[in-house]
Amino acid sequence: GGWGTPNPDTASITNAEVNIYDYTGNTLIESIPFYDGAGVDVYSGVAGAPTPGAFLAISNYSWAQADGIFKVEYLVTATVGPDDILYTNETQRVLFICNLENCLNSLKAKMVTECDSKTLSKLKDKIDQIELIIYGIKSAFSCGDFTTANKLIAKGKTICDNLCDCGCGDC
């Protein structure tokens, strides 16, 4: 494993990118170039260059997708001798629920400064609902039940959009 024999040296790489698809892998949502040989080289400014540093190359990348499950595909093309060889990862899916987590944390923050017992009770009920949905999402995702996980994500989004006083992600 790692770089070097039997893998290509980083100097042999002609293209490197990460493609992000919907959870089915059928719809390309975003492609993030890492290296293209024509100017894009996110590794050049990373400590340890030219060897890629873990999670450093695109640490400031702006992600604007909604909560969901995404298939992530790493593609590296390298010239080894006279041949171009494509290296890719096994199927990998990632659960992204930062908006629901932000909603939950916003409600928790409201409890800290709230003094009215009825409002506190309502906030606690909302928090309990969202926490249970998040646990359900994580459980369904870990079992590979992406349909259920996506339904729960949609349900959580509805709660955050409609039950929260200001749209939880922005409170």
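Start by selecting helix α2, residues 117-142. This helix has 26 residues and reaches 37 Å from its first C-alpha to its last, close to the 38 Å expected at 1.5 Å a residue. (The expected span is 1.5 Å times one less than the number of residues; helices are DSSP runs of H or I with at least four residues, strands runs of E with at least two, numbered from the N terminus.)

This is a predicted model: local features need pLDDT of at least 70, side-chain atom pairs count only at pLDDT 80 or more, and totals for chains, interfaces and linings use all residues. Residues are numbered from 1 along each chain as its sequence is written, and side-chain values use heavy atoms, leaving out hydrogens and water.

**Around α2**

Show the side chains of α2. Leu123, Lys126, Ile127, Ile130, Ile133, Ile134, Ile137, Ala140 and Phe141 are buried. Step past the helix to Gly144, whose phi is positive, near 80°.

**The aromatic cluster**

Select Tyr23, Phe141 and Phe146, which form one aromatic cluster. The model has 2 aromatic pairs. (Rings of Phe, Tyr and Trp, the last by its six-membered ring, pair if their centres lie within 6.5 Å; planes under 30 degrees apart count as stacked, over 60 as edge-to-face and the rest as tilted.) Tyr23 and Phe146 have ring centres 6.0 Å apart and planes at 65°, so they are edge-to-face. Tyr23 sits in the loop between β1 (13-22) and β2 (28-35), and Phe146 in helix α3, 123 residues apart. Phe141 and Phe146 have centres 5.8 Å apart and planes at 45°, so this pair is tilted. Phe146 is buried at 18% relative accessible area; Tyr23 is partly exposed at 26%.

**The cysteines**

Next, pick Cys103 and Cys160. A disulfide joins them, S to S 2.1 Å. (The cut-off is a pair of cysteine sulfur atoms within 2.5 Å.) The link is left-handed, with -105° about the S-S bond. Cys103 lies in helix α1 and Cys160 in helix α3, so the bond ties together parts 57 residues apart in sequence. Cys103 is buried at 1%, and Cys160 is buried at 6%. Compare Cys115, exposed at 73%, and Cys143, exposed at 64%.

**Last stop: confidence**

Colour by pLDDT, the predictor's confidence in each residue from 0 to 100. The protein averages 82, and 78% of the residues score at least 70. Over residues 166-171 the pLDDT is below 50.

Conventions. Buried < 20%, exposed > 50% of the residue type's maximum accessible area, 1.4 Å probe, protein only. Contact = heavy atoms within 4.5 Å.
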